[in-house]
Amino acid sequence: MNGKAPLVVVGDALLDRDVTGRAERLAPDAPVPVVDDCGERTRPGGAALAAYLAARDGRDVTLVAGVGDDPASRALRRLLEPWLTLVPLPLTGPLSEKTRVLAQDRPVVRLDRGAGRTREATDAAREAVRSASAVLVSDYGRGTADTLRDVLAARPPLVWDPHPRGGAPVPGTRLVTPAEKEAHALAPQDGTARRDLHAAAHSAAALVRHWRAAAVAVTLGARGALLSYGENPLLVPAPAAHPGDSCGAGDRFAATAAGLLADGVLVAEAVEGAVAAATGFVAAGGAAAVPSADARPAPPPDDDDPYALAARVRAAHGTVVAAGGCFDLLHAGHVGLLQAARRLGDCLVVCVNSDDSVRRRKGGGRPVNPLADRVRVLRALACVDAVAVFDEDTPERLLADLRPDVWVKGGDYAAADLPEAALLQKWGGQAVLLPYLDGRSSTALMERAAEGAR
C-alpha cells in the first residue's frame, strides 16, 4: 500500500469514548460543572489506536490484541474492521473502556470501566508475530505482551511503547518509547528527584542498559524527544508547541516511529519523523480529532513533488521561494542562505544541478557527493520543503515550469550573472541575492582538505 512496509501491532486494545458539551454553570447540589448539550463519539484506544493510525497512514496492519464478545469489544471490532486485520486473544473480562467528559474541549473527568486482561496466546497470534516483517508492541499493562513474550524475545520488535504496569521490553528491542514520567518511574533509581533534561538523559541511558535495548526515546511533550543509545543523547525538538489535547500523542509517536523503521530509515530519522507527526497530531486536535472509521482518507499531499507543493502554496495565496545551486559539500554558507530564503515566503524549493550538470560546470572531479546523497542532505534540512533537479547548465526551464514568486542566489553572483532575473519578471516574480557567510565555499573546503591530506 503506497510502498509502505506492513506492520504487526501487539498490545492491549481499549475502547475510548468522548462525551463533549459546554459548561456554563455549577450544579445546585454540589460545586461541580454541569455539562450541557452533550455529544458522544467512540474511537479505538490503546494499541488499537496505534494500529488504527498506522492503517490510516496507508499501511497493511495486523493487530494482535485481547478482544472478547462484550459490548465494548463488539463496538471496537466495528471500528477496526474496515481498516486492519484483527487477531483476537481471549479476555478474562470485558474490554477496558475510557470515557472522557469534556467541556469546551477541556477534560472535566475520566471514567474507566472494564478490567479485562488477555488470558493466553493463540497459535494464530504466535504465527502472526513470527511471520511479521515489523512489530510494534503497544503495552498498556493488560497482559497481551506478556502472553507472547517468548515469541517476541525470539524476534525482538522494532518499537516497544511501555507502561509502568506492564513488563519490561524484551532484550534487543530496537527502540523503546517511554514518556518522560514513565521513564523516571521505570529507570533504576539513583535518588535524584530532578525532572529536567539532565534527569531525562540519565533515565534514558539507564533504561538502555537495564532493558538491553538498542535505543530509548523519551518523549517530552512540547519539547520533543530525547534519543539515547546509552551515552550522549540526541535531543529532537518539536517543530512547534501546541497547547491542544495531547491524548493519543504517544500512540501517534510510536506508530510513526515503527512504520518509518519498517520502511528502512535510521533510528534518529524515525524519531525525528515521529516527533513531527505527534506535534501535528496535537495541533490537529489530538485523539478527539481522529477521523471516524467511515471517513475515507484523502490522498496525502505529495511533499516530494515540488510542483504540487508550489501549486498548493499558490492556491492558499502564499509565496513560493526557490533557490538553486550544486550543493556538493553542504556548508554553513549554504545553510545560512537556505534558512534566509525560507523566511522570504511560505515554502522553499531547492533547485539542484544533476551530476552531469555539475561536471560540466565544475570539472571532472566533481561532484564529490552524487545527486542522491545531495538531495537527501538537502531534504533533511528543516528549512527545505522540496527539492527539484535540473540537468541543464542553468535552471531556467525548471523555473519556467515551477514559476516561483522569489528566486534566490548566493551573494557571490552579480546581477549580470543572473539570467533567471528576466525570466522571473515574465510572471511577476523577483530574483534576489542573499549574502553568503564570508569565506565559505565548497571549493575552499576541498582545497583545505587537500592541504590537510598533504
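The model is predicted. The chain contains 16 helices and 18 strands. Of its 454 residues, 48% are buried.

Strands of a sheet pair through backbone hydrogen bonds, in either a parallel or an antiparallel sense. Asp-18 stands opposite Arg-100 in β6.

A second open sheet consists of five strands in the order β16-β15-β14-β17-β18, and its pairing is parallel. Here β16 (386–390) and β18 (430–434) stand at the edges; each has a single partner strand, so one side of each is left without a neighbour in the sheet. The twist averages 25° from one strand to the next. Strand β14 (residues 320–325) is joined to strand β17 (residues 406–410) by three bridges, and these strands run parallel. Val-321 stands opposite Val-406 in β17. On its pairing with β18, β17 again runs in the parallel sense, over five bridges. The bridge partner of Lys-409 in β18 is Leu-433.

Strand β17 is mostly covered, since five of its five residues are buried. In a regular strand, the side chains alternate between the two faces of the sheet. Both faces of β17 are covered: Val-406, Val-408 and Gly-410 are buried on one side, and Trp-407 and Lys-409 are buried on the other.

Helix α11 (residues 332–342) lies across β14, β15 (347–353), β17 and β18, and runs at about 140° to β15. Helix α13 (residues 371–380) lies across β15 and β16, and runs at about 165° to β15.

Strand β15 also contains Cys-351. This residue has a relative accessible area of 0%; because the cut-off for a buried residue is under 20%, Cys-351 counts as buried. Leaving aside neighbours within four places in sequence, Cys-351 is in contact with residues including Ala-322, Ala-323, Gly-324 and Gly-325, as well as Ala-388, Phe-390 and Trp-407. The C-alpha atoms of Cys-351 and Val-375, which are 24 residues apart along the chain, are separated by 9.8 Å.

A further buried position is Val-218, with a relative accessibility of 0%. Val-218 belongs to strand β11 (residues 216–219). Not counting residues up to four places away in sequence, Val-218 touches Pro-178, Ala-179, Glu-180, Ala-183, Ala-200, Ala-204, Gly-224, Ala-225 and Leu-226. Ala-179 is 39 residues away from Val-218 along the chain, yet the C-alpha atoms of the two are separated by 5.4 Å.

The packing of two helices is described by the angle and the distance between their axes. For helix α8 (residues 249–263) and helix α9 (residues 267–283), the axes come within 8 Å and cross at roughly 145°. The crossing of α8 and α9 is right-handed. On the α8 side, the contact involves Ala-249, Arg-252, Phe-253, Thr-256, Ala-257, Leu-260 and Leu-261. These meet residues of α9 that include Val-267, Glu-269, Ala-270, Gly-273, Phe-281 and Val-282. The residues of this contact divide into 14 nonpolar, two polar and two charged.

Methods:
Residues are numbered from 1 along each chain as its sequence is written. This is a predicted model: local features need pLDDT of at least 70, side-chain atom pairs count only at pLDDT 80 or more; totals for chains, interfaces and linings use all residues. Side-chain values use heavy atoms; hydrogens and water are left out. Two strands pair if DSSP finds at least two bridges between them. Helices (H or I, at least four residues) and strands (E, at least two) are DSSP runs, numbered from the N terminus. Buried means under 20% relative accessible area, exposed over 50%, partly exposed in between (1.4 Å probe, protein chains only). Contact means heavy atoms within 4.5 Å. Axes are lines fitted to C-alpha atoms, for helices over the stretch in contact, and angles run from 0 to 180 degrees between N-to-C directions. A crossing is left-handed if the near helix is turned anticlockwise from the far one by less than a right angle, and right-handed if clockwise. Ala, Val, Leu, Ile, Met, Phe, Trp, Tyr, Cys and Pro count as nonpolar, Asp, Glu, Lys and Arg as charged, and the others, Gly among them, as polar.
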